[in-house]
Amino acid sequence: MNIKKFMAGLSAFVIALTAAATPLQEVIKAPQLLPQTAVNASAATYGDYEYSALDDGTVEITDYTGSATTLSIPSEIDGKKVTSIGDWAFDLCSSLTSITIPDSVTSMGDGAFYGCDALNSVTIPDSVTSIGDSAFESCDALTNVYYTGTEEQWKNILIESNNSNLLNATIHYNYVPQIIGLKVKAAT
């Protein structure tokens with residue numbers, strides 16, 4: 001037997017032995033290269049939203065399955081206050097161009113709006129205290145952030161890494177959202 005065939009056989013044997021010796025748990029725990037939307041076994045559905053009830057009686061949005069271009073996230077779902085946008089909840093929603101986050105929300109998870117490549121404006125309330133890693137990564141069209149608080153309040157938000165699209169957009173401080181359908185009676 002020549003040496004090349006022997007070495008090829010030996011190499012194949014070592015690879016097969018190594019693969020067989022690797023516990024299945026280690027293969028399953030291998031890191032994923034692309035972000036994945038977390039699926040919660042206890043998730044409930046409300047329209048195009050999936051959500052989970054939190055221990056404090058509030059709600060976290062865990063997924064969005066709609067195709068709206070302009071979206072106002074509800075402040076309540078099934079009578080419970082929406083306080084969190086979960087990890088990867090709106091990831092890869094390529095139809096979204098504008099989103100308004102309600103003033104009940106205090107946190108946005110990792111990758112919350114990852115890959116929303118048509119998103120050009122977002123309204124963020126001053127109630128938000130944290131924005132997760134990569135929450136606005138790959139939102140290359142994002143040019144305007146309408147923030148209801150002051151510049152100082154904005155600087156106090158914990159904004160994790162990989163959010164350059166958010167931080168490089170024009171921030172409009174002290175923004176007052178318009179209430180559609182409300183008629184104001186002039187003073188006499």
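Predicted model: local features only at pLDDT ≥ 70, side-chain atom pairs only at ≥ 80, totals over all residues.
Residues are numbered from 1 along each chain as its sequence is written, and side-chain values use heavy atoms, with hydrogens and water left out.

**The pocket**
- In all, 20 residues line the largest pocket, and Ser-72, Thr-100, Thr-123, Pro-177 and Gln-178 lie nearest its centre.
- A pocket is an open set of points on a 1 Å grid over the protein atoms alone, where a 1.4 Å probe fits, with protein on both sides within 12 Å along at least five of seven lines; lining residues have an atom within 4 Å of a point.

**The sheet**
- Five strands (DSSP E runs of at least two residues, numbered from the N terminus) form an open sheet in the order 4-7-9-11-13, with parallel pairing.
- Strand 4 (70-72) and strand 13 (170-172) are at the edges with a single partner strand each, so one side of each has no neighbour in the sheet.
- Strands pair if DSSP finds at least two bridges between them; strand 11 (residues 144-147) and strand 13 run parallel and are joined by three.
- Tyr-146 sits opposite His-172 in strand 13.

**The whole protein**
- Buried residues (under 20% relative accessible area, 1.4 Å probe, protein chains only) make up 35% of the 188 residues.

Notes:
Helix = DSSP H or I, 4+ residues; strand = E, 2+ residues; numbered from the N terminus. Buried < 20%, exposed > 50% of the residue type's maximum accessible area, 1.4 Å probe, protein only.
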